[in-house]
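Me: I would like to go through this model with you. Please keep the answers plain.

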Amino acid sequence: MQKVVTISLNGIAYQLEEPGYNQLRTYLERAESRLKDSPDRAEVMADLEQAVGEKCRAVLGQHKTVVNTSEVERIIDEMGPVESADEKEKAAEAAAASGATASGAGGSTQSDLPPPRKRLFQIREGAMWMGVCNGIAAYLNVDVTWVRIAFILLTIFSSGLWFVVYLVLMFVVPVAQTPEDRAAAFGMPFTTEELISRAKKNFEEFGQTHRWRREWRRQQRHFNRQFKHMNQQLRMATSQAQPVISQSARAIGGVFIPIIALLGAALAVAFVLSLFSLITQHSIFGWGLPHGIPLWVAIVALVTLYLMISTSLRMVRHGGHQAAGHHAGWGAFHGLLWIGFAALLFWVAYTFFPGVRELVDSLMWAANLTATTISETIV
Amino acid sequence: MDISEKLSPIRKGLLEFVILKVVAGDKVYVADMLKLLGPTEFATQEGTLYPLLSKLRREELVDYEWQESEAGPPRKYYKLTPKGRTQLSTLNEYWKNLNKTLADLGN
């Protein structure tokens, strides 16, 4: 048994099976957005509706009153992708302008283009707050819960600094508004059907998520308390250790501080990259998870490892600073060193990991778009 | 690069010319145009044809008139305008020259 949707095409009613209706709607929505710059949009849309109607009529008869899904699929196939004639002209002009280099590439028109490039968007549907995590999850094709956990952990470990990243993303990354945007956010052919089922699923999970969120907050508070306590103890331990540090240790401290700072920076970047790799590829730079270990265990293990190493490094550095007895200028130099090294590592990641590059390019594109929009609004 | 990939932009570029030729005779309905072009190299689909026809109409090269049909709502029948006819003869001339050039080259 199939649910039937009644639609009107150019003033004539047709009955379509629901999945077929969803596909047709997506086809027409996509056609409309393809034609959005064409002055003939309304007319072409009416023509297309009429053509679809005629094709529907051809499959209907005295004892067949409903167009089934496979028939709708065939009709959409027959209609072919809608390409604006003006767009084609523009493409031809661009090809002519680029001259000799246009030998092959210039001729490719809309229908030859690959599916829309994956882009980073904020997705408000099913978002906790602004949908930044949701958009990243769609982009990386992972469950949004992992992205949220990563954001919360990063916020905790960076003493809240990471939250600024969220705020920046919130203002820089565009909001997915049209079905086309959402399709681009997922980087895959998008159907209204998918969106509807996603919306249904999210609605069902809403109540559950609420409870989960309360529990998570409680855990987070508890963790914060423990973390503060641990820090305090650490500080006490180092200050007690200070009188023991001898003169020679001071000299060594001066040499080792930059090295330790570099190690710390490298560790932080390596941590973020391996977390990224773990979530997206379920392996750390090609080093797969041992069989039978779930992803969440691996993430917790990674975070714990990072925390252990970075805390001990910090402890050593703390002691070293006091031992070497450096003044304020040293702190600035140390900071610069950190930033420089982080930038270097970032460059390496950008150059050698296509995934990282795509994400960064996408962010740049989003920033550009925002800048253009702002300047357009002002002018 | 595949040979058919090289030929596809040529076909696409010629489609406008082909459409003008198709509507040059009697008034035609889009479904009939598709049927006519189907077996040729210029086989196309509604998704391409409707936007193209609307553009040609905006350029006043073709026009349409409504005609009642026995089944369903009235249909648009396309025909060539005088301006379209002039352009078609220019294109025909150009095509002939092109053919001649191609035939003469390398001989």
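Me: To begin with the helix pairs, is the crossing of α2(B) and α3(B) left-handed or right-handed?
Reply: The crossing of α2(B) and α3(B) is right-handed, that is, the near helix is turned clockwise from the far one by less than a right angle, anticlockwise being left-handed. Helices (H or I, at least four residues) and strands (E, at least two) are DSSP runs numbered from the N terminus. This is a predicted model, in which local features need pLDDT of at least 70 and side-chain atom pairs pLDDT 80 or more, while totals for chains, interfaces and linings use all residues. Residues are numbered from 1 along each chain as its sequence is written, chains are lettered from A and ligands numbered from 1 in the order written, and side-chain values use heavy atoms, without hydrogens and water.

Me: At what angle do α2(B) and α3(B) pack?
Reply: The angle between α2(B) and α3(B) is about 120°, and their axes are 11 Å apart; axes are lines fitted to C-alpha atoms, for helices over the stretch in contact, with angles from 0 to 180 degrees between N-to-C directions. That makes α2(B) oblique to α3(B), given that under 35 degrees counts as roughly parallel, over 145 as roughly antiparallel, 65 to 115 as roughly perpendicular and the rest as oblique.

Me: Which residues of α2(B) and α3(B) meet?
Reply: From α2(B), V30(B), M33(B) and L34(B) meet E46(B), L49(B), Y50(B) and L53(B) of α3(B), contact being heavy atoms within 4.5 Å. By class, the contact of α2(B) with α3(B) has 6 nonpolar residues, no polar ones and 1 charged. Nonpolar covers Ala, Val, Leu, Ile, Met, Phe, Trp, Tyr, Cys and Pro, charged covers Asp, Glu, Lys and Arg, and the others, Gly among them, are polar.

Me: How do α1(B) and α2(B) cross?
Reply: The axes of α1(B), residues 3-24, and α2(B), residues 30-37, come within 11 Å and cross at roughly 115°. The two helices are therefore roughly perpendicular to each other, and α1(B) passes α2(B) in a right-handed crossing.

Me: And what meets what between α1(B) and α2(B)?
Reply: V18(B), I19(B), V22(B) and V23(B) of α1(B) meet M33(B), L36(B) and L37(B) of α2(B). The contact of α1(B) with α2(B) holds 7 nonpolar residues, with no polar and no charged ones.

Me: Now α1(B) against α3(B): at what angle do their axes cross?
Reply: The axes of α1(B) and α3(B), residues 46-58, cross at roughly 75° and come within 11 Å. That makes α1(B) roughly perpendicular to α3(B). In this pair, L15(B), E16(B), I19(B) and L20(B) of α1(B) meet T48(B), L49(B), L52(B), L53(B), K55(B) and L56(B) of α3(B). The contact of α1(B) with α3(B) comprises 7 nonpolar, 1 polar and 2 charged residues.

Me: What is the order of elements in chain B?
Reply: Chain B has 4 helices and 3 strands, which run α-β-α-α-β-β-α from the N terminus. Of its 107 residues, 38% count as buried; buried means under 20% relative accessible area, exposed over 50% and partly exposed in between (1.4 Å probe, protein chains only). Among chain B contacts between residues at least 6 apart in sequence, 51% join residues at least 24 apart.

Me: How does chain A divide into helices and strands?
Reply: Chain A comes to 13 helices and 5 strands, and buried residues make up 34% of its 379 residues. Residues 24 or more positions apart account for 64% of the chain A contacts with a separation of 6 or more.

Me: Where does E60(B) sit, given its positive phi?
Reply: E60(B) has phi near 60° and lies in the loop between α3 and β2 (62-67) of chain B. E60(B) is exposed, at 52% relative accessible area.

Me: And where is N10(A)?
Reply: N10(A) is in the loop between β1 (4-9) and β2 (12-17) of chain A, with a positive phi near 50°. N10(A) is partly exposed, at 34% relative accessible area.

Me: Last one: how far apart are A367(A) and P174(A)?
Reply: A367(A) and P174(A) are 193 residues apart in sequence and 8.5 Å apart in space, C-alpha to C-alpha. A367(A) belongs to helix α13, residues 354-378, of chain A and counts as partly exposed at 33% relative accessibility.
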